[in-house]
Amino acid sequence: MIIIVLLITISLAIAVTFLAVFFWNIKSGQYDDMYTPSVRMLFDPKKDDNKPVS
């Protein structure tokens with residue numbers, strides 16, 4: 001019986017830790033721009049036309 005209480009306590013502590021990290025990431029702006037990274041790879045980088053070709 002004591003092992004069940006111990007496992008539940010540990011799992012709740014881990015869940016609260018992950019929840020705190022998730023809210024910290026939201027507050028710091030980690031998830032602000034969800035669109036740009038997914039389409040960035042679809043566009044070619046602009047080439048510098050003034051650069052001499054060797």
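Student: Let's start with Phe-22, is that residue buried or exposed, or something in between?
Tutor: Bearing in mind that this is a predicted model, Phe-22 has a relative accessibility of 38% and therefore counts as partly exposed, since that label covers values between 20% and 50%.

Student: What about Tyr-31, which residues does it touch?
Tutor: Leaving aside residues up to four places away in sequence, Tyr-31 touches Phe-22, Asn-25 and Ile-26. Tyr-31 itself sits in the loop between helix 1 and helix 2, the latter covering 36-39, and with 39% relative accessibility Tyr-31 counts as partly exposed.

Student: Switching to helix 1, how far apart are its end C-alpha atoms?
Tutor: They are 38 Å apart, and this agrees with expectation because the 26 residues of helix 1, residues 2-27, should span 38 Å at 1.5 Å a residue. Just after helix 1, Gly-29 takes a positive phi of about 90 degrees.

Student: Which residues does the UniProt "transmembrane region" annotation cover?
Tutor: According to the unreviewed UniProt entry, that annotation covers residues 6-26, and over this stretch the chain is 100% helix and 0% strand, with the end C-alpha atoms 30 Å apart.

Student: And for the whole protein, how many helices and strands?
Tutor: The protein has 2 helices and 0 strands. Of its 54 residues, 2% count as buried, while the accessible surface comes to about 5,800 Å², with 69% of that belonging to carbon and sulfur atoms.

Terms used:
Residues numbered from 1 in each chain as written. Predicted model: local features only at pLDDT ≥ 70, side-chain atom pairs only at ≥ 80, totals over all residues. Heavy atoms only, no water. UniProt positions renumbered as here; feature names shortened; annotations may be inferred. Helix = DSSP H or I, 4+ residues; strand = E, 2+ residues; numbered from the N terminus. Buried < 20%, exposed > 50% of the residue type's maximum accessible area, 1.4 Å probe, protein only. Expected span 1.5 Å × (residues − 1). Areas by Shrake-Rupley, 256 points an atom, 1.4 Å probe, with all protein chains shown as cover. Contact = heavy atoms within 4.5 Å.
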